[in-house]
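Subject: The model, and some notes on it

Hi,

Here is the structure I promised to pass on. Have a look at it first, and then read on for what I found.

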Amino acid sequence: MSQGRPGFWARLFRRKHAIAWADAERSRHTAVQQASKETERLQASAKDAHRQAVQARQAHEAAIVRQRESGAVLQGATTRIEAARVAIGPGMIDPSHFKRSRHEQQMTAPWLNAATQAKRDDVFIAAMVLHKAFLDAAAKPLRHNLGALMQVFGGPSLPDDAKNALLPDLWTSLFLVVPVVSTTFASVERMFGSLPAEALGWLLIDEAGQAVPQAAVGAMMRTRRAVVVGDPVQVEPVVTLPNTLTHAICRDFGVDPDCFNAPEASVQTLADAATPFMAEFPGRDGSRTVGVPLLVHRRCAEPMFGISNAVAYENLMVQAKAPKASAIRDLLGPSAWFDVQGPSVGHWCPAEGQFVLSLLGRLVRAGVAPDLYIVTPFVAVQNGMRALVEGSGALPPGATDWAKWAHERVGTVHTVQGREAEAVIFVLGSPDPQQAGARGWAGKAPNLLNVAVTRSKEALYVVGSRGAWRGAGNFQVLDQRLPAG
């Protein structure tokens, strides 16, 4: 019997002190059980903690080893990066590159230094030498193939299907000798009509912003790869059908006109939408997404560059043109707006034409070659200016055939897309107050003014009523940036 335990009869008859003792005994038993369980739990926890401590110690030792190894790798990589930075120079693309100004970033050729460029040049020259050697060695079969291709150009196709199947090989022979063949979209069917799909390697599309989307289909389906180059903020595609008709055709075929219908759509806009590489630029009328933007400009000096940059490119272009001498600018003075007043016949203002003729006369008398374009928004001004240049006695015949010169050098903005000259004379026309609609059309979108000013490399001369034109949409920028002449 344990000490303090009540006797048998006390427990049997459940005396008060026996009941109290039993309650206390049960509490002690429960406490002992709980203490045993807690002891077992703590022992298990201690074993687990010990195991974790062993694992942590092992992981720590392994981490120290990896840290040493990683440090050695980092040191080697740092050494190689520093050596590459010295070798590559400004072309090294690292975090410091993105801290440079936008001008410096755009002017950098990534990962390219002079030594690498020289090696690339050497490889290209060696490839051309090898190519020439092959042509010399295979001159006879090549001459035969080219003769057969010229026969196809000048007459019917080859006499049977078996020989027609060899037509792609004849074209391959031509491209061995002539690496690039230039043509228009209108001539693709006649020139390449017998070629199967993907028969040619590369298609280079220039001025793609001026081409309607459907024009490029035939050429693109016959090539494996295409490079599309253009500018949607220069001259838009010319569409002769009315918008109501083209939109009705799009609806009939279930085509989204905003994506595929010119002039809103062009080969360039479709290429921009298809490319995985693109950039988004904010604009006055919302953001614009373009593919692989080329922002470095190398054609126009100021003020043409600044006008174009402000009107069409949200001042994102980077100037890279080196200053050059200009005999026209030396004679006629720096770029300016000549405020010429006079009545008009339609859009044509004879006073503006006579003023332009006087500028040409100054160049002729000084013996300065008229390397310039006379451009205008309107066909009537083009025709009046051509007639004036061709029939004027103020421009004496001699080294310049003025009729031919006027045909080639006088035109609307749409006709000079893609061209360039030392200077541009921009003849505005439409000076009368009632012609505000025509001026509003010319200045509404940036395209027309952008193309007109960027044809000039060195000097821009605007001829027309400043008061009438200064408020015509984008011509406000022209007014702000061009001094009076």
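Let me start with a helix pair. Leu142, Asn145, Leu146, Ala148, Leu149, Val152 and Phe153 of helix 5 meet Leu167, Leu170, Trp171, Ser173, Leu174, Leu176 and Val177 of helix 7, where a contact means heavy atoms within 4.5 Å. By class, these residues are 12 nonpolar, 2 polar and no charged; Ala, Val, Leu, Ile, Met, Phe, Trp, Tyr, Cys and Pro count as nonpolar, Asp, Glu, Lys and Arg as charged, and the others, Gly among them, as polar.

Before going further, two notes on the source. This is a predicted model, in which local features need pLDDT of at least 70 and side-chain atom pairs count only at pLDDT 80 or more, while totals for chains, interfaces and linings use all residues. Residues are numbered from 1 along each chain as its sequence is written, and side-chain values use heavy atoms, with hydrogens and water left out.

Helices (H or I, at least four residues) and strands (E, at least two) are DSSP runs, numbered from the N terminus.

**Helix packing**

Back to that pair: helix 5 (residues 139-154) and helix 7 (residues 167-177) pack at an angle of about 115 degrees, with their axes 9 Å apart. Such an angle makes helix 5 roughly perpendicular to helix 7. Angles under 35 degrees count as roughly parallel, over 145 as roughly antiparallel, 65 to 115 as roughly perpendicular and the rest as oblique. The axes are lines fitted to C-alpha atoms, for helices over the stretch in contact, and the angles run from 0 to 180 degrees between N-to-C directions. The crossing of helix 5 with helix 7 is left-handed, meaning that the near helix is turned anticlockwise from the far one by less than a right angle, whereas clockwise would be right-handed.

Helix 15 (residues 350-365) packs with helix 16 (residues 379-391) at about 45 degrees, and their axes are 10 Å apart. That angle makes helix 15 oblique to helix 16. From helix 15 come Gly353, Gln354, Val356, Leu357 and Leu360, and from helix 16 come Met385, Leu388 and Val389. The contact of helix 15 with helix 16 has 6 nonpolar, 2 polar and no charged residues. Helix 15 passes helix 16 in a right-handed crossing.

Helix 16 also packs with helix 17 (residues 402-409), here at about 160 degrees and with the axes 8 Å apart. That makes helix 16 roughly antiparallel to helix 17. Arg386, Val389 and Glu390 of helix 16 contact Trp402, Ala403, Trp405, Ala406 and His407 of helix 17. The residues of this contact divide into 5 nonpolar, 1 polar and 2 charged. The crossing of helix 16 and helix 17 is right-handed.

In helix 18 (residues 436-444), Ala438, Arg439, Ala442 and Gly443 are buried. They cover an arc of only 125 degrees around the axis, which puts them on the same side of helix 18; the arc is that of the directions from the helix axis to the C-beta atoms. The face turned away from that buried side carries the exposed residues Gly437 and Lys444. Buried means under 20% relative accessible area, exposed over 50%, and partly exposed in between (1.4 Å probe, protein chains only). Cover for the buried residues of helix 18 includes helix 19 (447-453), helix 20 (466-469) and helix 21 (475-481).

Asparagine 450 sits in helix 19 and counts as buried, at 1% relative accessibility. Leaving aside residues up to four places away in sequence, asparagine 450 touches Asp231, Val233, Gln234, Ser308, Ala312 and Tyr313.

**Backbone points to check**

Most residues other than glycine have a negative phi, and most peptide bonds are trans. Which bonds here are cis? The peptide bond from alanine 262 to proline 263 is cis, with omega near 10 degrees, and proline 263 lies in the loop between helix 11 (257-260) and helix 12 (267-274). Glutamate 302 and proline 303 are also joined by a cis bond, with omega about 5 degrees.

Glutamate 198, not a glycine, has a positive phi of about 60 degrees. For asparagine 315, phi is likewise positive, near 60 degrees; asparagine 315 counts as partly exposed, at 39% relative accessibility.

Best wishes
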